[in-house]
Amino acid sequence: MALRVSFSFTSHSPCQQNHTPKPFSPRTFSSTSLPKASFSNQKQNPESIDDSRKETLTLSHGSSKRRKLSLSVLALLINGSLPNLSNNSILAQELELARYTDSKEGFTLLTPSSYVKVDKAGATVLFEEVNKGSNNIGVVVTPVRLASLGEFGSPQFVADKLIQAEKKKESTKDAEVISVAERSGHGGLQVYEFEYKVDSTRGGMKRIFSAVFVSSKKLYLLNIAHSDKPESPLDTDTRTILEEVIHSFDAATMT
């Protein structure tokens, strides 16, 4: 399972490996393009809506579902001409996303309304798609000695660690990074984002979206796993939803 991905954040010195991240402007993505296509559209995090455990956003009226997104919204997504998408409540309504905030652990993210929260050992929180548990969204929070993600290494260095961890699993047949990106979170927080694909004996081909940041001496790792088999590849609408989820992952006020 994607949530089992783990690696040490204490064994590397950025100075020794020369993997210091390049500075970036707040609200702007600094991405590394690989041979495969990168994220279709890098977007800014949504503003915190509430510190409540889970706040469901108002959904679109009628029977509109995520696979019936407005053509105009999709056109804007493709053309990249819709500013601050993650802050746009209309988009959240169209995508049927809900806000989940864990004030105790200190993180927040959006989740699809078609996913339900389940208990899973090793996960701080896990959401699974109804009747499709292999499609899931999970967060793991662990203590670290680092004050910031940049102390560990560059986005590419962390991506390499993720892939190495995936390839060490007995069930993994192949793993390949598709894109690497860096964005600014709440208060200028460094957030790294990754997209990669894994071919596994457990569930076949999967698309993985991951985001990671360090805050208050804690490592926050978000993993989104979704089936991406040749006979039923990840469709555009679902991809849009999952990208909104990964871009929404951020630090929240702790209580």
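Helices (H or I, at least four residues) and strands (E, at least two) are DSSP runs numbered from the N terminus. The model is a predicted one, in which local features need pLDDT of at least 70 and side-chain atom pairs count only at pLDDT 80 or more, while totals for chains, interfaces and linings use all residues. Residues are numbered from 1 along each chain as its sequence is written, and side-chain values use heavy atoms, with hydrogens and water left out.

**Overall make-up**

- The protein chain has five helices and twelve strands, and of its 255 residues 51% count as buried, where buried means under 20% relative accessible area, exposed over 50% and partly exposed in between (1.4 Å probe, protein chains only).
- Among the contacts in the protein chain with a separation of 6 or more, 67% come from residues 24 or more positions apart, a contact being heavy atoms within 4.5 Å.

**Nonpolar cores**

- The largest nonpolar core has 27 residues, and those with the most contacts inside it are Phe 107, Leu 109, Leu 222 and Phe 249; such a core is a set of buried Ala, Val, Leu, Ile, Met, Phe, Trp, Tyr and Cys residues joined through side-chain atoms within 4.5 Å.
- Elements giving two or more residues to this core include strand S3 (97-102), strand S4 (107-112), S10 and helix H5 (236-248), and the largest share, four residues, comes from H5.
- Leaving aside neighbours within four places in sequence, Leu 222 is in contact with residues including Leu 109, Ile 137, Phe 209, Val 245 and Phe 249.
- A second, separate core of 22 residues includes Phe 152, Ala 159, Val 180 and Leu 221.

**Salt bridges**

- The structure holds nine salt bridges, each being a side-chain nitrogen of Lys or Arg within 4 Å of a carboxyl oxygen of Asp or Glu.
- Glu 176 forms a salt bridge with Lys 197, the closest N and O atoms being 3.8 Å apart; Glu 176 lies in strand S8 and Lys 197 in strand S9, so the pair ties together parts that are 21 residues apart in sequence.
- Glu 193 and Arg 183 also form a salt bridge, with their closest N and O atoms 2.4 Å apart, and both of these residues are buried.
- Arg 207 and Asp 228 meet through their side chains in a salt bridge of 2.7 Å, N to O, and the two residues belong to a network of salt bridges that also links Glu 195, Arg 239 and Glu 243.

**Loop residues with positive phi**

- Most residues other than glycine have a negative phi.
- Ser 216, although not a glycine, has a positive phi of about 55°; it is found in the loop between S10 and strand S11 (218-227) and counts as exposed at 53% relative accessibility.
- Lys 217, in the loop between S10 and S11, has a positive phi of about 60° although it is not a glycine, and is partly exposed with a relative accessible area of 44%.
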